[in-house]
Structure formats: structure tokens, C-alpha cells
Amino acid sequence: MAIRAIRKFPDPVLRKKAAPVTVFDAELRKLVDDMVETMYAEPGVGLAAPQIGVSLQLFVIDITVGERPDALIVLANPTILSATGRLVEEEGCLSVPGIRAEIPRAETVEVHGWTLDQQEVTLKGRGLLARAFQHEIDHLNGMVIWDRMGKVQRELLKSEWKRSQRQTQKR
Ligand code: NI
């Protein structure tokens, strides 16, 4: 296992629609192991493959950040089957470091996808888990949290973010 570098916005890989996973082999398992280790190291509650530069429809989520081993979710080729309700809560992204924003999301979602054992699964999420599903699936469609913000919120936070990026580069 290895901790991989997180791609940061505006890296073009974050804007690409990811390709479906078709080969479920040892290499894919190794990629997932790296994604899980990288997610826990940051730490984050979710990580999509494009965030480490691999444009595949694959994400890992653990809203307990390693507290409960059975909470780890690994899903390939996920799609949202249904979404209900609406919650506006603060959200961040490892690829847009330092930015937290109030983002509206569905309160509950049902997600279909494939496990590493090529089993079809349908998972239900509510609250933070539902938010994580939607956030990671956005990454697989080339979307980042900027796209979920209103125009004013986006412009304000983007200038703040650009300033912080310049300061990071100077250091
Ligand atoms: Ni993200």
C-alpha cells in the first residue's frame, strides 16, 4: 500500500468524465488499497479515483474515517437510483484544500454499483453518507464542489482560494 498524491483543482483529470471499471483484478485491488490508505492519511471521508490521477469510476468512502472497519465502502461504476429531500450543510474536498462551503444535497440517496468481487449492490445513504455518495459521484462526472455553489458564493470562495494557493506557493 502507498499514500498517493492528491490532485488539486484545476488539474484537468478532475474535469474528465471517468471511464467505467471493466477489469476487476489484483491491480484494481492495489489501486483501492492505495485509495483507502490515502483517504485515511489525509484524513477524509471519501476519495474518488480521479483524485489520485486515475480516471476510473471508482470511489472509497468511510464516514467513520477508520473508526469502524465495516463502515468502509468501495464501489465501482456507481449510479444514483433515487434521491429524496434536501439538506444544506458544510462540505469540503481534498482536491480544493482549505475551502468549506454550504452545499445543498439530497438528504437520502440510493446508489447502485459493483463491489470488487463483481457483486451488484444497492446501498442507501442518509445525511453525511448520502452527501459523500453525491460528492464522490460528482468527481466521477468531472464535477467539483464549485459546480454546486451559487454564483456569488463561488466567486467569493474562489478569490479566497486563489489567494491561499498563492501563499502556499510562496512558502
Ligand atoms: Ni472531493
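What is the volume of the largest pocket? The volume is about 330 Å³. This is a predicted model: local features need pLDDT of at least 70, side-chain atom pairs count only at pLDDT 80 or more, and totals for chains, interfaces and linings use all residues. Residues are numbered from 1 along each chain as its sequence is written, and side-chain values use heavy atoms, with hydrogens and water left out. A nickel ion is coordinated by Cys-93, His-135 and His-139.

**Nickel site**

- The donor atoms are SG of Cys-93, NE2 of His-135 and NE2 of His-139, at 2.0 to 2.2 Å from the nickel ion.
- Donors here are N, O and S atoms within 2.8 Å of the metal (3.2 Å for Na, K and Ca); water is not among the atoms, so sites may look incomplete.
- Along the sequence, the donor residues follow the spacing C-x41-H-x3-H.
- Cys-93 sits in the loop between strand 4 (87-92) and strand 5 (100-105), while His-139 belongs to helix 2 (residues 128-140), so this pair ties together parts that are 46 residues apart in sequence.
- Helices (H or I, at least four residues) and strands (E, at least two) are DSSP runs, numbered from the N terminus.
- Cys-93 is buried, at 8% relative accessible area.
- His-139 is also buried, at 1% relative accessibility.
- Buried means under 20% relative accessible area, exposed over 50%, and partly exposed in between (1.4 Å probe, protein chains only).

**Largest pocket**

- The lining has 16 residues; Gly-44, Val-45, Gly-92, Cys-93 and Arg-100 lie nearest the centre of the pocket.
- Helix 2 gives the largest share of the lining, five residues.
- Strand 4 and helix 2 each supply at least two lining residues.
- On a 1 Å grid over the protein atoms alone, a pocket is an open set of points where a 1.4 Å probe fits, with protein on both sides within 12 Å along at least five of seven lines; lining residues have an atom within 4 Å of a point.
- Grid points are joined across faces, edges and corners, and the volume is the space filled by probe spheres set on the points.

**Helix 2**

- Helix 2 is mostly covered, with twelve of its 13 residues buried.
- Among the buried residues are Phe-133, His-135, Ile-137, His-139 and Leu-140.
- The end C-alpha atoms of helix 2 are 19 Å apart, which agrees with the 18 Å that 13 residues should span at 1.5 Å a residue.
- The expected span is 1.5 Å times one less than the number of residues.

**Helix 1 and Thr-38**

- Helix 1 (26-41) has 16 residues and reaches 22 Å from first C-alpha to last, close to the 22 Å expected.
- Its buried residues include Leu-28, Leu-31, Val-32, Met-35 and Thr-38.
- The cover over the buried residues of helix 1 includes strand 1, strand 2 (58-61) and strand 3.
- Thr-38 lies in helix 1 and is buried, at 0% relative accessibility.
- A polar atom of the Thr-38 side chain lies 2.6 Å from the backbone oxygen of Asp-34.
- Neighbours within four places in sequence aside, Thr-38 is in contact (heavy atoms within 4.5 Å) with Ala-2, Ile-3, Arg-4, Ile-6, Leu-47 and Ile-52.

**Backbone geometry**

- A cis peptide bond, with omega about 5 degrees, joins Phe-9 and Pro-10.
- Pro-10 is in the segment before helix 1.
- The bond from Glu-42 to Pro-43 is cis, with omega near -10 degrees.
- Pro-43 is in the loop between helix 1 and strand 1 (46-48).
- Asn-77, a residue other than glycine, has a positive phi near 50 degrees.
- Asn-77 is in strand 3 (residues 73-84) and is buried, at 16% relative accessibility.
- Gln-118 is not a glycine either, yet has a positive phi of about 60 degrees.
- Gln-118 sits in the loop between strand 6 (108-114) and strand 7 (120-126) and is partly exposed, at 45% relative accessibility.

**Gly-98**

- Gly-98 lies in the loop between strand 4 and strand 5 and is exposed, with a relative accessible area of 72%.

Notes: A polar contact is a pair of N or O atoms within 3.5 Å; within protein, one must be able to donate a hydrogen and the other to accept it, and residues adjacent in sequence count only if both atoms are side-chain atoms.
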